[in-house]
Amino acid sequence: MKIVLLWLFALLSLPILVFGQAQRLEQMQNKTILVFTPHPDDDVFGAGGTIALLNRNHNKVYIFIYTNDDKGSYDPDMNSQRLARIRRAEEEVSEGLLGTPKENIQWMGYDDGMLEYAPQPKLTEEATAIIRRIRPDVLLSVDPGEWYERWHKSDHRMAAFNTIDAVRAAEFWLYFPNQKLQQGLQPYKVPEMYFFYPSPQEANYFVNIDSVAELKVDAGTKQVSQFEPAVNKYRSDWEAADLEKAKKEMRDEQPRKDGHYVEAFRYATGFVQY
Ligand SMILES: [Zn+2]
């Protein structure tokens with residue numbers, strides 16, 4: 001009798017378990033994931049652990065980077081073209097460690113700090129076409145939530161707003177109808193969204209990244225030019241002591257919940273309708 005009851009329980013629980021698993025981002029498999037990031041490091045710092053788990057679980061992860069991040073250096077001998085090349089190479093190594101293939105990293109090519117001044121219709125049209133082409137099961141982007149916009153630096157603010165505007169436009173074919181009529185891109189409704197860099201008030205989803213936390217630290221510190229001392233006087237490598245210091249800071253800054261390393265998101269299934 002006990003065995004029968006156990007089997008009955010197991011059978012009844014199965015759909016719940018399967019359904020529950022399918023809903024957890026970090027347990028998804030064989031899905032298409034689209035990440036929009038303002039700069040070639042926010043994806044790693046904001047969601048690198050989750051991206052590593054998604055790649056490990058055989059999902060197809062695409063990273064679209066709005067800007068080339070070509071301004072953020074204090075080095076008086078740096079120039080924008082060189083910094084853009086450095087940041088690109090660093091991002092490819094960094095995302096590569098997380099398992100994202102180089103060919104899945106795409107550059108939209110806007111100048112650092114200038115996204116807010118890019119032609120708006122063009123910017124939204126580009127992101128809309130990307131969504132209609134990739135047709136993601138899940139989209140990750142910077143949180144456009146109401147608390148965060150106050151503090152966001154400009155590219156982050158713009159990337160957050162533009163991405164959600166494009167999510168909306170992608171559903172209705174009459175936005176940018178040439179994409180359907182001339183490019184054969186059908187409208188697309190993004191089913192699930194996870195926004196990284198949420199404000200603490202609005203974070204509602206946490207991914208346990210314990211198993212990839214050190215990998216995330218390694219990937220983060222491949223962005224050498226973002227850290228001291230290379231941000232002050234560029235060098236492509238680390239002194240051992242500087243590297244350890246940067247890694248320690250990253251570990252200290254990584255949010256924890258219930259004793260585990262986590263990445264925080266705001267989960268949403270649609271844009272605001274009103
Ligand atoms: Zn950034």
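Guide: What follows is a short tour of this model, term by term. The model is predicted, so to speak of local features a pLDDT of at least 70 is needed, side-chain atom pairs count only at pLDDT 80 or more, and totals for chains, interfaces and linings use all residues. Residues are numbered from 1 along each chain as its sequence is written.

Visitor: What makes up the protein, in helices and strands?
Guide: The protein has eight helices and eight strands. These are DSSP runs numbered from the N terminus, with at least four residues of H or I for a helix and at least two of E for a strand.

Visitor: Why is Asp-69 called buried?
Guide: A residue is buried if 20 or more other C-beta atoms lie within 10 Å of its own, exposed if 12 or fewer, and partly exposed in between, with C-beta atoms placed from the backbone. Asp-69 has 30 other C-beta atoms within 10 Å, so Asp-69 is buried. Its place is in the loop between E2 and H3, and its phi is near 60°, a positive value in a residue other than glycine.

Visitor: And is His-58 buried or exposed?
Guide: His-58 has 11 other C-beta atoms within 10 Å, so it is exposed. His-58 sits in the loop between H2 and strand E2 (60–67). It has a positive phi of about 65° although it is not a glycine.

Visitor: How do you know whether Leu-174 and Ala-160 are buried or exposed?
Guide: By counting again: Leu-174 has 8 other C-beta atoms within 10 Å and is therefore exposed, while Ala-160 has 23 and is therefore buried. Leu-174 is found in the loop between H5 and helix H6 (178–181), and its C-alpha atom is separated by 9.0 Å from that of Pro-187, 13 residues apart along the chain. Ala-160 belongs to helix H5; between its C-alpha atom and that of Ser-141, 19 residues apart along the chain, the separation is 6.5 Å. Over the protein, 42% of the 274 residues count as buried.

Visitor: What makes a group of residues a nonpolar core, and which residues have the most contacts inside the largest one?
Guide: A nonpolar core is a set of buried Ala, Val, Leu, Ile, Met, Phe, Trp, Tyr and Cys residues joined through C-beta atoms within 7 Å. The largest one here has 56 residues, and Val-35 and Ile-131 have the most contacts inside it. Its largest share, nine residues, comes from helix H5 (residues 154–171). In soluble globular proteins, nonpolar side chains tend to be buried together.

Visitor: Which residues does Val-35 touch?
Guide: Two residues are in contact if their C-beta atoms, placed from the backbone, lie within 7 Å. Leaving aside residues up to four places away in sequence, Val-35 touches Asp-43, Ala-47, Ile-51, Val-61, Tyr-62, Ile-63, Phe-64 and Leu-140.

Visitor: How do you know that the buried residues of H7 line one face of the helix?
Guide: The buried residues of helix H7 (residues 213–220) are Ala-213, Lys-216, Ala-219 and Gly-220. Seen down the axis of H7, they fall within an arc of 120°, so they line one face. That arc is taken from the directions from the helix axis to the C-beta atoms. What covers them includes helix H2 (42–56), helix H3 (80–97), helix H8 (240–253) and strand E8 (260–268).

Visitor: Why are H2 and H7 called oblique?
Guide: Axes are lines fitted to C-alpha atoms, for helices over the stretch in contact, and angles run from 0 to 180 degrees between N-to-C directions. Under 35 degrees counts as roughly parallel, over 145 as roughly antiparallel, 65 to 115 as roughly perpendicular and the rest as oblique. The axes of H2 and H7 come within 9 Å and cross at roughly 135°, and H2 and H7 are therefore oblique to each other.

Visitor: At what angle do H4 and H5 pack?
Guide: Helix H4 (residues 120–134) and H5 pack at about 60°, with their axes 8 Å apart. H4 and H5 are therefore oblique to each other. Among the residues of H4 that meet H5 are Leu-123, Ala-127 and Ile-131.
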